[in-house]
Amino acid sequence: MPAQRPEIWVFGDYRNYFQNRVTLQLLSRATDLAEKRGALVCATVFGWDTGEWVGEYIAHGARKVYLVEDRRLGRYSCDLYVGLMERLARRYRPEIILVGATSFGREFAPRVAKRLKTGLTADCVGLDIDENGLLVQTAPAFGGNLLTRIVTPQKRPQMATVRPGVFREIPHDHGATGEIVRIDFPEDMPPDRVRLVSSERTLPVPRHLGNAEIVVCGGRGMGSKGRFRNLYELARLLGGEVGATRPAVYARWADEDALVGQADKHIRPKVLFSFGISGAIQHTAGIVDAGFIIAVNKNPKAAMMKMADVAIVADAHQVCLALIKEFKKRLRA
Amino acid sequence: MKFVVCMKQVPMASELPWDPKTRTLRRDLAEGMMNPACKQALELALGLGQKEGAQVTAITMGPPMAEEILREAIAMGAHRGLLITDPALAGSDTYATSFTLARAIEIFCPDFDLILTGCHTTDSETAQVGPQLAEELGIASAAYVDEVTVEGGTARLRRVSDGFLETLEIDLPCLVTVNTTNRSPRYVPLSGLEDAFGEVNILSVGVADLGIDPALVGADGSPTRIVDVTAPRSGKENVVLTGAPKKIVEELLERFESRISGLIRQDIRKSDAR
């Protein structure tokens, strides 16, 4: 029973709602796409006692919510959610399914795509509709300084995962209304093959690198853990957060939470200080939305230096120290 | 027990020469290496395999040169390698890749207990092949796993997922994708090197050996299609500052002080200018 109007579905990933706004961001982008396609924006919600999320999704752009509520869905289950999404998609035939690239979404979406025998593009940084009505999915790729545009010409639905922070949510609209389609939990659903023995929240991370306005990022060029630590001092002075490249995290100069890059955190600071970072695509894909970039590197030819508004050819550590000193002087109240 | 580790050879991105004319990396000049997450998966498999007395099979799909990482895997302690290489596989997306890997496993290691893959690769970073391979084989899976133990017919897993530390149990056979950060891969012992470059147990197969219809793999068998590849936002008209750090910082703040003040919402003008 395919819907009359093409539908764009957004998977309702409501866990960690207050930190993770990716579902709202996708609803916002889906609203733009729906306009171009003459389509309807829908959300799917699987869970138990989910009224809060249903209301939120409608207030943020969903015109229809497919809701499966059952006690058995009280905790996130990849197996069950994949099974439900497969059945719903076969029944209602959405044209597009968008999923946030959370840890859960990155496990869930590939399996749904496989069951539906369709394509999936990972970690999109752009989504658009082309003149033929196809979803054009832009993903950084191929270890080159490249963006790849990908379509799924034949198979349906067209599926993409999108990193949190790529799109901006639309404001909450209390007056918005939407249809709620309730679907019973299918009694013939195979049981979950994964048993959850225990689950505890890890300590909350006080840092919000993803939405910081000022970010101080460091890479291998900082030279050592002790030197890297100075970046925290600089960030503290400026009221910013510290980010790091993979080599810096692998060297344990910074926590993994600080990883900035294509498959890690996307940041969109107004000002980005980049210290000792050469600018491999895995990193630069995560900073393309930075407003003003000040990069320090000994190598003037480094890719990071080409991206910068101000490229400082010098030792990253020395410049970091000089900045700390100067800011301390100038920021003295 | 039988473990299968699926791995991929990726270009060593940090060593890639950049072509400013075409704004691309010269992948043809790239050295290949074992994808770091795959190495973690192998390390986990070898450690667990030693305890459980398991046979470890390393599988890769790629061009003929991808055999290098199978030799490396054998040097580290894997028992045998399987290289799936065929021009017909070029252009496979994750859908076609997981399909191909599944057929190979069904033929060459049908009685596997545990499949391990890296959680993602450093070149395309999709993180999709592992979960899709589990779907192809009709087995349960868990992604981004840090620790695995096996007891009886059950795998016990630990992982951190979206801010939750989870302990999971899955009956064997199952598939896990292994996170990048935990284990230091072992050094390759000299005897391992001898093993790897002597008479090695590496089998090379093509799509015909797997009984696969070539139309189901490669670009033809892939639901996704690449439209084009472009260079993101070209270099800005950037200001270059050189000299002594102290001088540079003064110049930076002088030239951009109002801008930086506005951006960080703090007044950084020198006190005499206030």
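Select A:Leu116 to begin: this residue sits in the loop between helix H4 (103–115) and strand S5 (120–124) of chain A. Keep in mind as you go that the model is predicted. Is A:Leu116 buried or exposed? A:Leu116 counts as buried because there are 21 C-beta neighbours inside 10 Å, and the cut-off for that label is 20 or more. Leaving aside residues up to four places away in sequence, A:Leu116 touches A:Glu86, A:Ala89 and A:Pro157.

**Stop two: a covered strand**

Next, pick strand S2 (residues 40–47) of chain A, where eight of the eight residues are buried. In a regular strand, side chains alternate between the two faces of the sheet. Colour one side of S2(A) by selecting A:Leu40, A:Cys42, A:Thr44 and A:Phe46, then the other with A:Val41, A:Ala43, A:Val45 and A:Gly47; both faces are covered. Bring in strand S1 (residues 7–11) of chain A, which runs parallel to S2(A) and is joined to it by five bridges. One pair to click on is A:Trp9 with its bridge partner A:Cys42.

**Stop three: the nonpolar cores**

From A:Cys42, move to A:Val65. Not counting residues up to four places away in sequence, A:Val65 touches A:Cys42, A:Ala43, A:Val45, A:Val54, A:Tyr57, A:Ile58, A:Gly178, A:Ile180 and A:Val181. Which residues touch the most other members of the largest nonpolar core? They are A:Val65, A:Leu98, B:Val5, B:Leu42, B:Ala45 and B:Leu116, in a core of 127 residues. For a second, separate core of 52 residues, select A:Val242, A:Ala290, A:Val310 and A:Ala314, which are among its members.

**Stop four: the domains of chain A**

Colour chain A as domain 1 (7–182) and domain 2 (209–331). The centres of these two domains, taken over C-alpha atoms, are separated by 32 Å. Their contact takes nine residues from domain 1 and eight residues from domain 2. On the domain 1 side, those residues divide into three nonpolar, four polar and two charged.

**Stop five: a sheet that includes both chains**

Switch to cartoon view and trace the open sheet of 10 strands, in the order S11(A)-S11(B)-S10(B)-S9(B)-S12(B)-S8(B)-S1(B)-S6(B)-S7(B)-S13(B), with mixed pairing. Its edge strands are S11 (194–201) of chain A and S13 (202–205) of chain B, each pairing on one side only. On average, neighbouring strands here are turned by 30° against each other, direction ignored.

Zoom in on S9 (residues 140–151) and S10 (residues 154–161) of chain B, an antiparallel pair with six bridges. Here B:Glu151 has B:Thr154 as its bridge partner. Then show helix H1 (residues 36–52) of chain B, which packs on the sheet and touches S1, S6, S8, S9 and S12 of chain B, with its direction at about 150° to that of S8(B). Helix H4 (residues 129–137) of chain B also packs on the sheet, touching S1, S8, S9 and S12 of chain B, and its direction makes about 75° with that of S9(B).

**Last stop: where the chains meet**

Finally, select the contact between the chains: 73 residues from chain B and 75 residues from chain A. Helix H6 (residues 245–264) gives the most to the chain B side, with 11 residues. By class, that side has 36 nonpolar, 20 polar and 17 charged residues. Close with strand S16 (residues 310–313) of chain A and strand S15 (residues 239–242) of chain B, which run parallel and are joined by four bridges. There, A:Ile312 stands opposite B:Leu241.

Methods
Residues are numbered from 1 along each chain as its sequence is written. Chains are lettered from A and ligands numbered from 1 in the order in which they are written. This is a predicted model: local features need pLDDT of at least 70, side-chain atom pairs count only at pLDDT 80 or more; totals for chains, interfaces and linings use all residues. Two residues are in contact if their C-beta atoms, placed from the backbone, lie within 7 Å. Helices (H or I, at least four residues) and strands (E, at least two) are DSSP runs, numbered from the N terminus. Ala, Val, Leu, Ile, Met, Phe, Trp, Tyr, Cys and Pro count as nonpolar, Asp, Glu, Lys and Arg as charged, and the others, Gly among them, as polar. Two strands pair if DSSP finds at least two bridges between them. Domain bounds come from an automatic or database domain assignment. A nonpolar core is a set of buried Ala, Val, Leu, Ile, Met, Phe, Trp, Tyr and Cys residues joined through C-beta atoms within 7 Å. A residue is buried if 20 or more other C-beta atoms lie within 10 Å of its own, exposed if 12 or fewer, and partly exposed in between; C-beta atoms are placed from the backbone. Axes are lines fitted to C-alpha atoms, for helices over the stretch in contact, and angles run from 0 to 180 degrees between N-to-C directions.
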